[in-house]
Amino acid sequence: MTFIAPVKFAIDLLAVLLLALGIKGLSKVRSAREANRLAAIAMILAAFGVLLNSQGTIGISTSSWIWIICGTLIGGFLGALTAKRVPMTAMPEIVALFNGCGGMSSLLVALGVALFPSADSSDGVVGELIRNFSIVVSLFVGAITFSGSIVAMAKLQGWLSTPSWTQSKARHFFNILCAVIALIGGIYLSIDGQNGLFLIVVASSLLGIGVTLPIGGADMPVVISLLNSYSGVAAAAAGFVVGSQLLIVAGAMVGAAGLILTQVMCDGMNRSLVSVLFGGALGASSAASGGGGEYTNITSCSPEECALTLEAAERVVIVPGYGLAVAQAQHTLREVTRVLESADIEVTYAIHPVAGRMPGHMNVLLAEADVPYEQLKEMDVINPEFPATDVVLVLGANDVVNPQAKNDQTSPLYGMPVLDVQEARTVFVVKRGMSAGYSGIKNDLFDLQNTSMVFGDAKKILGDLLLELKELGVGSKGKN
Amino acid sequence: MSFFSEALWVLLLGSLLGLELIGKVPPTLHTPLMSGANAISGITMLAALTLIIKSGDNLPLLIIGSISLGFALFNVIGGFLVTDRMLAMFSRKKTRK
């Protein structure tokens, strides 16, 4: 009995240490995987600490055990199943989903404590006020995290579009109204601990929806990262509610780290957090004003011509984009590059910071297809190399290769860092049609003399390309 | 009151630590880091556990706690596994090289 408290204390300290090391390690390629495991171990330790301490001090009743085991098994099983099944292309959605559930969990804890306050409120008036306040924060942030994450997921999955009213000023009014209602509910609840409970939950859920819904697909990763930070805050608030310092430390750490990560992502996309949150979808509002216009000089060509050009090339740069991932073509791409490499053609991949749908997403997808890590070049490294490149193959990327971002000051894209593919001798753009990218803006690249469009699904085109290359005998010479 | 004043210190120091932990992150790791941090935010499972344990066999509270625990574990287990799946792809490349 007497030794349990110090043991629990030691376990908590160890868990916090491991969590901190875990977050730290996750930001280095070399240590990332171990770091992830460390953090997982820390979580197990922390849960064990809580169980041990409770069993030793107040005892855990049988019915409690049953409900604990039920929740653990069901949640854990579904989580494991989702994690195993989800395709790598759906990663942003799934992070959003997990995150939303974390927020929901904090919300429910606060709800439980508020609905059934325990009798042991020995903290005095001030303590009670702080506790009620933590409940309010936990409900508020938890609800925003949940509804916001679910909307983010639905938008990324394409289940939800951007309703036009969310692009008007009306949404600011709506959001402010929700925030005010939530605030009123919060004040009520802080004072008497009962009233205003559902007012907060409903108003903050609506607020989460109202803030997330207008945001365009390209900005969604930033929002998910921000919501991730919120779920940390919600966890810390839940820590105040149930009186767990470990929870407060961990929640605060994730909240702060998530904020930094959000900032890093914004920098990578050349967007400010404010414009992401309040600016609305990038293209929807601004496409009409600038960067519009018709295409005048589109050249399209067949995979066969493309193969002929590739055969004669010495340096080839691949620019993969989200379209490649959607078509699940990264494996076929790998086949094509293998053939080219065996013909002594130098192949590299130019990775834009936001290639794919989320920073770093493309690296994951290419790693899945076995592309050697050292062939992936970041934008700053590859950009000076384009003039010395024979062929650039743009696969399902659009906005990240739009020269408007450099040349046209009126373009909404102006200032965004892009890959200078137009500097290369020949550019092939594999694309399903002439539709615009996420930003909804015309791509000047397609009009250039040295650009040819190859229309079709990336996987099919790459398959055709592979056949053509083999027919030309590319790569087989080296082996004979 | 003493818990709350201590807790506020903890909150402050934890936040500062979090701000310092992530310095320069290579773009490759943005996605895994986000999903890893996301898994950690499921630490709120401790709150759910505490809620269940202290429920005093109050059925609605047990149910709320259990659902909350389920959501949190969905986040934690799913988050760590999916992060590991992503990171495994990076490390596989290196060992083969």
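This is a predicted model: local features need pLDDT of at least 70, side-chain atom pairs count only at pLDDT 80 or more; totals for chains, interfaces and linings use all residues.

Visitor: How many of the 23 residues of α8(A) are buried?
Guide: Helices here are DSSP runs of H or I with at least four residues, strands are E runs of at least two, and both are numbered from the N terminus. A residue is called buried if 20 or more other C-beta atoms, placed from the backbone, lie within 10 Å of its own, exposed if 12 or fewer do, and partly exposed in between. By that count α8(A) is largely enclosed by the rest of the structure, because the number of its residues that are buried is 23 of the 23.

Visitor: How far apart are the end C-alpha atoms of α8(A), and which residue follows the helix?
Guide: The expected span of a helix is 1.5 Å times one less than its number of residues. For the 23 residues of α8(A) this comes to 33 Å, which agrees with end C-alpha atoms that are 33 Å apart. The helix is followed by a residue with positive phi, near 75 degrees, namely G243(A).

Visitor: Which helix of chain A gives the most to the side that touches chain B?
Guide: With contact meaning that the C-beta atoms of two residues, placed from the backbone, lie within 7 Å, the contact takes 104 residues from chain A and 79 residues from chain B. Helices that each supply at least two residues of the chain A side include α1 (4-25), α5 (124-157) and α8 (220-242). The helix that gives the most, with 19 residues, is α9(A).

Visitor: Is chain B compact or spread out, and what is its radius of gyration?
Guide: Chain B has four helices and zero strands, in the order α-α-α-α along the sequence. The globule rule, 2.2 Å times the number of residues to the power 0.38, is compared with a radius of gyration taken over C-alpha atoms. For 97 residues the rule gives 13 Å, so chain B is more spread out than a compact globule, its radius of gyration being 18 Å.

Visitor: Which residues of chain B does the UniProt annotation "transmembrane region" cover?
Guide: UniProt positions are given in the numbering used here, feature names are shortened, and annotations may be inferred rather than shown by experiment. Over the stretch in question the chain is 100% helix and 0% strand, with end C-alpha atoms 34 Å apart. According to the unreviewed entry, the annotation covers residues 59-82.

Visitor: How many C-beta neighbours inside 10 Å does I382(A) have?
Guide: I382(A) is found in helix α16 (residues 379-382) of chain A. Beyond its neighbours within four places in sequence, its contacts include V317(A), T348(A) and K377(A). I382(A) counts as buried because its C-beta neighbours inside 10 Å number 21.

Technical notes:
Residues are numbered from 1 along each chain as its sequence is written. Chains are lettered from A and ligands numbered from 1 in the order in which they are written.
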